[in-house]
Amino acid sequence: MNNEKQVDSGRRGLLVATCAASGVAGLATTGVFVSTFQPSERAKAAGAPVEVDISTLAPGEMRTVEWRGKPVWILKRTPEQIASLKEVDPLVADPESKRTQFSTTPEYAMNEWRSRQKDILVVVGICPHLGCSPTSKFQTGAQPSLPDDWHGGFLCPCHGSTFDLAGRVYKNKPSPDNLQVPPYMFEGEAKLVIGKDEKGEA
C-alpha cells in the first residue's frame, strides 16, 4: 500500500515537472512570436517617415534629425538669409535644382529657396561628392576656406565644396550636385514629416 502511494507521488511529481517545463517553453515561444511584431533595426534603417515638431524652431536656428541613417537638417531661415539667395543665384551651379543627372529633386523644391516654404529648408546633410558631412557656416563675411563675400551656408571640410543657405552648390566645386532634398510635407503649422509627401513614402 505504501509502495503504491510512493509510486503515485513520484508520478505526480514527474507530471508537475513536465507541465511546468512545458509552460516555460510555451512562454519562451510566445516571447519569440511577440518579438517578431516589434520593428527590427533593419526596418528602422529602411526609413519609416520621421515626424518633427518645428513649433519651437527659432529664426536662424537649425535642427538635425535622423532619417534612413542620414542626418537631415531643418533650418528656419531669417528674412535676411532668404534675401541672400537671390544675391548668390549667379554664383551657384544649379540655382533651381533642374539637373537630374545625379539625383532627383522633388518638384516643390525646384525653386530658388529649394523648399515648400521660403523660411524652412529641409536637406540631407551629406555632400554628394564623397559622402562627408558639411559644417554650417552661417556667419557672413570673410573666413578661412571661404570667399570674402560669403553670404552664409555650408562648407564641406573634406574637399572644400561650398553650399548656400538653400543647399545649392557653388560653381567649380567638387560636389556634382546640390544637397539632396528628401520627400517631406507639413501637417499643420507645427509638424514636419520627413520621408513622405503627397506621392507616398519614399
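In this predicted model, Ile 194 touches residues from several parts of the sequence, among them Pro 49, Val 50, Val 52, Val 65 and Trp 67. Its other contacts, not counting residues up to four places away in sequence, include Val 72, Ile 74, Val 122, Pro 182, Pro 183 and Tyr 184.

**Nonpolar cores**
- The largest nonpolar core has 31 residues, of which Ile 74, Leu 192 and Ile 194 touch the most other members.
- Two or more residues of this core come from each of β2 (62–67), β3 (70–76), β4 (120–124), β8 (184–187) and β9 (191–194).
- The most is given by β4, with 5 residues.
- Another core, of 6 residues, lies apart from it and includes Val 88, Leu 146, Trp 150 and Leu 155.

**Strand β4**
- Because 5 of the 5 residues of β4 are buried, this strand is largely enclosed by the rest of the structure.
- Ile 120, Val 122 and Val 124 are buried on one side of β4, and Leu 121 and Val 123 are buried on the other, so that both faces are covered.
- The strands β3 and β4 run antiparallel and are joined by 5 bridges.
- Opposite Ile 120 in β4 stands Lys 76.

**Helix α3**
- In helix α3 (residues 79–88), the buried residues are Gln 81, Ser 84, Leu 85 and Val 88.
- These residues lie on the same side of α3, because they cover an arc of only 115° around the axis.
- The buried residues of α3 pack against β3.
- Pro 79, Glu 80 and Lys 86 are exposed on the other side of α3.

Methods:
Residues numbered from 1 in each chain as written. Predicted model: local features only at pLDDT ≥ 70, side-chain atom pairs only at ≥ 80, totals over all residues. Heavy atoms only, no water. Core = buried A, V, L, I, M, F, W, Y, C linked by side-chain atoms within 4.5 Å. Buried < 20%, exposed > 50% of the residue type's maximum accessible area, 1.4 Å probe, protein only. Helix = DSSP H or I, 4+ residues; strand = E, 2+ residues; numbered from the N terminus. Contact = heavy atoms within 4.5 Å. Pairing = 2+ DSSP bridges. Arc of directions from axis to C-beta.
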